[in-house]
Amino acid sequence: MSSSQTVQTPALFAAARRLGAHLVGGDEVAAAGERELDRADPVTGEPAWVVVPATDAEVASAVDAAAAAARAWRRTPPAERAAALREAAGAVRAAADDLGALLTATTGRLIGQARESAVVAADLLEEAATTGLGATGRTLAGAPAALDVVRREPHGVVAVITPWNDPFPTAAGLLAAALVTGNTVVHKPSERSAAPGWELARLIAGALPAGVLNVVNGDAATGTALVADPRVALVAQVGSTAAGREIAARVGARGGQVLLENGGKDPIVVDAGVDPAWAAGQIALGAFTNTGQICTSVERVYLHEGVADDVLGELVRIAEDMRVGDPADRATELGPLVDEAQLAVVEEHVSAAVNAGARVLAGGSRPDGAGCFYPATVLDGCTADLAVMTEETFGPVAAVTRVADFDEALRLANAGRYGLAATVLTAHLAHALRAAEELEVGTVKVNAVFGGAPGGSADPRRDSGAGAGYGPDLLAAMTVLKTVHLEATP
């Protein structure tokens, strides 16, 4: 297994090995803070780069710049704002190879997936440039001699806080929606993917007037200073449930608004009568893609007892055949976890499940050698009280519970404190319709763990967050309504 430091990363990564700058008012400003965050290479475990978090004063300066730019950007014609996003999309698309290599080197994402995620980011910027020119309000049926309208207006300054596991699409979707609707932004990428987040935001900001998009690098302390600023009208955060709850409390206490997409513990229900090989492929795709580090990864598997043995046989074969190694090697199918902290969570959940009686059918233990690697793991006989069935594992673990019928599967799938997404594999239309009606999640997927048309929203529930996630509904959430009644003078 070769080191990820052999990846042909762009020159920008050499500078990013010490990320000591912020983007404020169109200028890259050297970081003034004395704190440093050390990050390790997920393949070798060796120290790889340093992030210098923004101080409270630097955060305030970024908000100053966004506030100063807000009036002019709000008054910029929507078509011009959309044109800027299209220009940004072109820049991101042209840099997709470099961005992908940087994401691979910093988080361990497979190189092909990493590049594709940059392309998706460009797509999202272009999508917002089109949909953002849609309806901006409505006319009301008032008195004949008066005009009554409802206007959509930007919030003003928006804080966008994004995660490390899929930073390009997540940031691009939120930034595009905020910007095209006339808001200015202060963006804080996750410290775990600071360099990729920084480079993506710089590319987007390059197509915008100074101060419209500002970037502060840092950790939770940086984010706390940002969301506490009373000039920030809306905070859009994708990340952990704990962080989301803290943000909601802080922002709500000062009268601000939040959009949150937080943790998930997504179930997949496998009904009787499905093809075992196909079902196993869907489970593996959902559980093992990006080493299980996707918000909507499959983490709970409910198998109808009529197909359980056959599905598990196929799933174990897939897990055992997966090639684990350097994420920069295109032959690799399973890369490392992002860091030792995440690896420790996975090990703890699997160990607790085994100690409680779950059976390891594949994987189940950390391999010898350097890096944050963990094999594709299949656990059978998992009970509802285990952490691997109740808490976000965020690793390549398919935790399986056998069920007697579809009713039991739906009941268990609905259990727990999360409500992000769920998948149902079934050949029965009646079961598909029941799942769509009864599953208390933001997204229900039938017969496909990933996919979906652009423009759909995904409003998470319970501990998974609140507020629109995509499409026209997200655009609407980035605005506030104002009703105007107009009459002529006598």
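I began with an open sheet of seven strands, ordered 15-16-17-14-13-19-20, with mixed pairing. Two strands count as paired if DSSP finds at least two bridges between them. Strands (E, at least two residues) and helices (H or I, at least four) are DSSP runs, numbered from the N terminus. The edges are strand 15 (359-362) and strand 20 (443-446), each pairing on one side only. From one strand to the next, the twist averages 25°.

The model is predicted: local features need pLDDT of at least 70 and side-chain atom pairs count only at pLDDT 80 or more, while totals for chains, interfaces and linings use all residues. Residues are numbered from 1 along each chain as its sequence is written, and side-chain values use heavy atoms, with hydrogens and water left out.

Inside this sheet I looked up strand 13 (residues 266-270) and strand 19 (residues 421-425), which run parallel and are joined by three bridges. I268 has T423 in strand 19 as its bridge partner.

Next I looked at what covers the sheet. Helix 10 lies across strand 13, strand 14, strand 16 (377-380), strand 17 (397-403) and strand 19, and runs at about 135° to strand 17. Angles run from 0 to 180 degrees between N-to-C directions, and axes are lines fitted to C-alpha atoms, for helices over the stretch in contact.

I then followed the chain to Q293, which is in the loop between helix 10 (276-288) and strand 14 (298-304). Is Q293 buried or exposed? Q293 counts as buried because its relative accessibility is 1%; buried means under 20% relative accessible area, exposed over 50%, partly exposed in between (1.4 Å probe, protein chains only). The side chain of Q293 reaches the backbone nitrogen of V338 at 3.0 Å. Leaving aside neighbours within four places in sequence, Q293 is in contact (heavy atoms within 4.5 Å) with residues including W164, N165, P336 and F394.

Strand 4 pairs with strand 5 (residues 47-51) in the antiparallel sense over four bridges. R39 stands opposite W49 in strand 5.

Last, I checked a helix pair. Helix 2 (residues 56-75) and helix 8 (residues 220-228) pack with axes 9 Å apart, at an angle of about 45°. That makes helix 2 oblique to helix 8. D56, V59 and V63 in helix 2 meet T222, A225 and L226 in helix 8. Angles under 35 degrees count as roughly parallel, over 145 as roughly antiparallel, 65 to 115 as roughly perpendicular and the rest as oblique.

Methods
A polar contact is a pair of N or O atoms within 3.5 Å; within protein, one must be able to donate a hydrogen and the other to accept it, and residues adjacent in sequence count only if both atoms are side-chain atoms.
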